[in-house]
Amino acid sequence: MPKQAQFYLIEKTQPQAGLSAVEVLACDLAAQLWRSGKKVLIACETESQALNLDESLWQRDPEQFVPHNLSGEVTNFSTPIEISWLGKRNAQRRDVLISLQNNVPDFAQSFNFVIDFVPVTESEKVLARERYKAYRLMGFEMQMHNM
């Protein structure tokens with residue numbers, strides 16, 4: 001099965017609960033993937049971004065609960081969703097990479113399925129185009145989704 005990279009084109013910037021539209025979508029996609037049996041890594045750019053996502057996932061309604069942990073947290077069992085940031089990542093095997101990083105993570109090649117985003121601002125679009133090209137050069141099949 002070929003490697004796949006899906007890019008989500010974000011058309012609005014309406015933040016909610018202190019998260020950007022991209023971060024909200026990343027959390028929602030991670031929850032959907034977990035419910036379908038996948039183990040997910042959300043790769044954030046910064047520790048503070050990771051902490052914000054962690055807090056947002058904890059604040060969901062009980063029926064929307066998503067088992068997750070931050071990289072480096074000591075847990076008795078591996079959780080299905082890990083939230084990492086530059087320079088901080090556990091070595092557990094994950095099925096899907098959801099990248100919120102400005103550049104392609106150096107470990108992206110080890111994933112068969114990657115989700116990335118094209119935000120609204122022009123400067124962020126430039127970075128997204130570079131990531132798109134990089135994934136394509138790595139041999140990923142590319143898909144675009146409008147949100």
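Q: Why is Phe107 counted as buried?
A: Phe107 has 18% relative accessibility, and buried means under 20% relative accessible area (exposed is over 50%, partly exposed in between; 1.4 Å probe, protein chains only). Phe107 therefore counts as buried.

Q: What makes Phe111 buried?
A: The relative accessible area of Phe111 is 1%, so this residue is buried.

Q: What is the basis of the model, and how are its residues numbered?
A: The model is predicted, so local features need pLDDT (the predictor's confidence in each residue, from 0 to 100) of at least 70 and side-chain atom pairs count only at pLDDT 80 or more, while totals for chains, interfaces and linings use all residues. Residues are numbered from 1 along each chain as its sequence is written, and side-chain values use heavy atoms, without hydrogens and water.

Q: How many aromatic pairs does the structure hold?
A: The structure holds six aromatic pairs.

Q: Why is the pair of Phe107 and Phe111 called tilted?
A: Rings of Phe, Tyr and Trp (its six-membered ring) pair if their centres lie within 6.5 Å; planes under 30 degrees apart count as stacked, over 60 as edge-to-face and the rest as tilted. The centres of Phe107 and Phe111 are 6.3 Å apart and the planes stand at 55°, so the pair is tilted.

Q: How do you know that strand S4 (residues 81–85) is mostly covered?
A: Five of the five residues of S4 are buried. Ile81, Ile83 and Trp85 lie on one side, and Glu82 and Ser84 on the other.

Q: Which strands pair with S4 in the parallel sense?
A: Strand S2 (residues 40–44) does so over five bridges, and S3 over three bridges; two strands pair if DSSP finds at least two bridges between them.

Terms used. Helix = DSSP H or I, 4+ residues; strand = E, 2+ residues; numbered from the N terminus.
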